[in-house]
Amino acid sequence: MTSNFDDTSANTSYVGRFAPSPTGPLHFGSLLAALVSFFEAKKHHGQWLVRIEDLDPPREMAGADTLILKALESYGFEWDGDVVYQSQRNEAYQAALDQLTTNKFAFPCACSRKQLAPTQGLHQSECSPPASDQAFAWRFKCPHTSLEWHDQLQGAQHIDLLNEVGDFVIKRKEQLWAYQLAVVVDDHQQGITDVVRGIDILDSTAKQILLQQALGNTTTNYMHMPVACADNGQKLSKQNHAPALNIEKPAAILWLALKWLGLNPDPQLKYENVRAQLTWAIDHWDVSSLQGVTEMPAPII
Ligand SMILES: [Zn+2]
């Protein structure tokens, strides 16, 4: 898809992305994440890509990818290039695992949850090699240092790697690729420069930076935005049964989303179509009102 929102100065020095898992249809919380990454990309005259993170078949819903893409179209989004599906990228992930193993950044591990219970699931030192009949995962060998990085909305971040991260799984015992490895490989191969996503994924960032460093990739910029919460204080999510976005009448909901994002849209704008609303929002986009905010209540739709 070629984006008509792009002006002639579109460049590739900023490449953003929206990367939903097809575990259900798009909901208001995921619309917000899509909008922020889209507005940031447009503000920087960059590209905006869509990737479907279908790595975990037992959690997925048949047809959810189509529903998500239809919802994005209905809300006026236009993405650059073809949609990438993680389920088709096995070779790239295997090549990354081979590279990590060769360079001693990864090791096989058959430890059970029970064995890791005394450290609350943290894997803090290399274990005995698995027996030939044992199922095993591949873990990334976490350095026993600390890591610091800057989040564009949440500020300075500091993490004690040994006590807060540990050796983490990059390929599961069930032979499924772990989210952390797949995301890092895809972000690199798609040339992603800037990752925008919900603050609930902030904890993954250290793992992804470590993997980028071990694979010799450039570290991406990170922006973790606040999440929308339901009445019970829980984040709107598919797991919490957030309702699917209405794709028949998107204009009124899009207007509520712009308001939630601090854009202060004129009431009249809600009667305009989604394209007019997005064009207005790109012109007025300013991410600073979300600075340091971690959550806000979702509007009643
Ligand atoms: Zn182990």
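**View 1. Surface and overall dimensions of the protein chain.** The accessible surface of the protein chain comes to about 14500 Å², of which 51% belongs to carbon and sulfur atoms, with areas taken by the Shrake-Rupley method with a 1.4 Å probe and, for residues, only the protein chains shown counting as cover. This is a predicted model, in which local features need pLDDT of at least 70 and side-chain atom pairs count only at pLDDT 80 or more, whereas totals for chains, interfaces and linings use all residues. Residues are numbered from 1 along each chain as its sequence is written, and side-chain values use heavy atoms, with hydrogens and water left out. Along the principal axes, the C-alpha atoms fill a box of roughly 65 × 45 × 40 Å.

**View 2. Helix α8 and its cover.** Helix α8, residues 250-260, is mostly covered, since 8 of its 11 residues are buried (under 20% relative accessible area, 1.4 Å probe, protein chains only); helices are DSSP runs of H or I with at least four residues, strands are runs of E with at least two, and both are numbered from the N terminus. The buried residues are P250, A251, I253, L254, W255, A257, L258 and W260.

View 3. After α8 comes G262, whose phi is positive, near 80 degrees.

Key. Buried < 20%, exposed > 50% of the residue type's maximum accessible area, 1.4 Å probe, protein only.
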